[in-house]
Each structure stands twice: as C-alpha cells, then as structure tokens.
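This briefing describes the fold model shown below.

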Amino acid sequence: SFHVTGVQTCALPILVYCNLVGGNDELVFDGCSLVFNGAGQLIAQGAQFAEDFLIVETESATACAPAAPCEEEQVYRALVLGLRDYMHKCGFKSAVLGLSGGIDSSTIAVIAAGKQQMQAFTARHALADSDEFAHAAAVARGRAIDLHESWPAAEQACDDLAQLVWHLEEPAKATGVYSQWQVMRTAQGRVKVLLDGQGGDEVFGGYPYQRTPLLLGLLGRGDI
C-alpha cells in the first residue's frame, strides 16, 4: 500500500521496487521485487526467496494480482535461504547434525537436507522411555541423511565430568547435556562445525507436561 500511495501521490509514471535476496546474519531478504504503473497497479513481480530477472514492457503491461505462497511456505523458504547463505558466506563446505528427533533439530534436518548426503548423530539410551532414536530415524528416513548412533554410558560419565564442566564453564543441572557431549565427541574429526539445537522443544511446548501452561498462556493473552 505504501508503494501504491507513493505512485499516486507523486504522479510517477512508473515505480520499480528492487529488493535484495539472501540471508545476512539474522536478516533474510526475500526478493519479490515489484513494478507498479502510474495508476498504482502492480504490473510485474519477481520471484520470492530466489534471484530473478524481469523484462517489463511498461507501456503495454497489464495489471496483475500479487502472487505469494502461504505463510508456512514463506517461513520454510526463508529458513532454507538463511541457512544456505550462512553456510556459504562462512565458507563451510559440510556439516554434521545432532539429531534428537525433537522439534528444533528435526526442523534443522528438514531444512538442511538436500541432494548431498548429510551426516547426523543421535544419542541412544538403554531405557525405552528415554530413547528418541525412533523419532530421529523417522526424520532421516527418505532423506539424504546418514544417521549415526552414540551410546552415553553412566560408568564413563564420572571420568568425563571434570572435562565437561570445564568446557561448559559452569556446572550443568540437566543430565541431557552429557548426551549432547557424547554426540559431539562421536562427530569430532569429521567436520569443523556441528549444527545443534538445545531447548527448542521447550520453547514450542513439545512435551505433554508443557501443553497445559502453553494453552493457559495463550488463553490469557486472547490468542486462542
């Protein structure tokens, strides 16, 4: 609406809005360049989240409706573009993924998985109710992901505790950090960077005991 108003107010014969495309740190530019005629009508639109080249006959072009994918598709494309450009601009040739099967690491896996085979690592547990391997395997299945297993052992934890605390620079109150430590140890030597998520499940309310507080909070704010 801002562009349309500007064309009409300033009596411009044509307005070309040329937008960047690509990821830059926390910013993601979505492209989607626009061309308006003197009446403020959209006559051309570039691709979204991709480079594009447009040739527009400004005097003969007819008005067109703006095209945009659904909100979920836009978010997915933005995440793919941001992650891809981050890897390219940092010069990373490859990466491995710590894949637990939770919301955060699963989302990264889906976004990062492409034609090139990707290495992923997950922690296993002897107790069935603590083992998330089935979820991690479901994410890897059908995608170019080689899933490797790490088995943290209680008897080894005591020997690793001092080194683990040294790297964290503070004591850890949760036991899950040791599983994460073992996953990183297993992946060590394969690549320079390990993409890993921690805490995303809690943020999104990914566990049953967190659903009630989440729903109560949404009700209190009037969001549902």
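The bend at a residue is the angle between axes fitted to the seven residues ending there and the seven starting there. Helices (H or I, at least four residues) and strands (E, at least two) are DSSP runs, numbered from the N terminus. By these terms, helix α5 (residues 154–168) bends by about 55° at Asp-160.

The model is predicted: local features need pLDDT of at least 70, side-chain atom pairs count only at pLDDT 80 or more, and totals for chains, interfaces and linings use all residues. Residues are numbered from 1 along each chain as its sequence is written, and side-chain values use heavy atoms, with hydrogens and water left out.

**Confidence**
- The average pLDDT (the predictor's confidence in each residue, from 0 to 100) of the chain is 81, and 85% of the residues score at least 70.
- Helix α4 (residues 133–140) has the highest confidence in the chain, at a mean of 91, whereas helix α7 (residues 200–203) has the lowest, at 56.
- Where pLDDT is low, the predicted coordinates should not be read in detail.

**Nonpolar core**
- A nonpolar core is a set of buried Ala, Val, Leu, Ile, Met, Phe, Trp, Tyr and Cys residues joined through side-chain atoms within 4.5 Å.
- Buried means under 20% relative accessible area, exposed over 50%, and partly exposed in between (1.4 Å probe, protein chains only).
- The largest nonpolar core has nine residues: Leu-97, Leu-99, Ala-109, Met-118, Ala-120, Ala-136, Val-139, Ala-140 and Ile-145.
- Both β7 and α4 supply at least two residues of this core, and α4 gives the largest share, three residues.
- Ala-136 belongs to helix α4 and is buried, with a relative accessible area of 0%.
- Between the C-alpha atoms of Ala-136 and Gly-98 the separation is 9.7 Å, although the two are 38 residues apart along the chain.

**Second largest pocket**
- On a 1 Å grid over the protein atoms alone, a pocket is an open set of points where a 1.4 Å probe fits, with protein on both sides within 12 Å along at least five of seven lines; lining residues have an atom within 4 Å of a point.
- Grid points are joined across faces, edges and corners, and a volume is the space filled by probe spheres set on the points.
- The second largest pocket holds about 510 Å³ of space.
- Its lining has 21 residues, of which Met-87, Lys-93, Ser-94, Ala-112 and Gln-116 are the closest to the centre.
- Two or more lining residues come from each of α2 (71–90), α3 (103–112) and β7 (118–123); α2 gives the most, with five.
- Twelve lining residues are nonpolar, six polar and three charged; Ala, Val, Leu, Ile, Met, Phe, Trp, Tyr, Cys and Pro count as nonpolar, Asp, Glu, Lys and Arg as charged, and the others, Gly among them, as polar.

**Positive phi values**
- Most residues other than glycine have a negative phi.
- Cys-32 has a positive phi near 55°; Cys-32 lies in the loop between β3 (27–30) and β4 (34–37) and is buried, at 15% relative accessible area.
- Phe-49 has a positive phi near 60°; Phe-49 lies in the loop between β5 (42–45) and α2 and is buried, at 13%.

**Trp-181**
- Trp-181 is part of helix α6 (residues 176–187) and counts as buried because its relative accessible area is 14%.
- Trp-181 and Pro-152 lie 29 residues apart in sequence and 8.9 Å apart in space, C-alpha to C-alpha.
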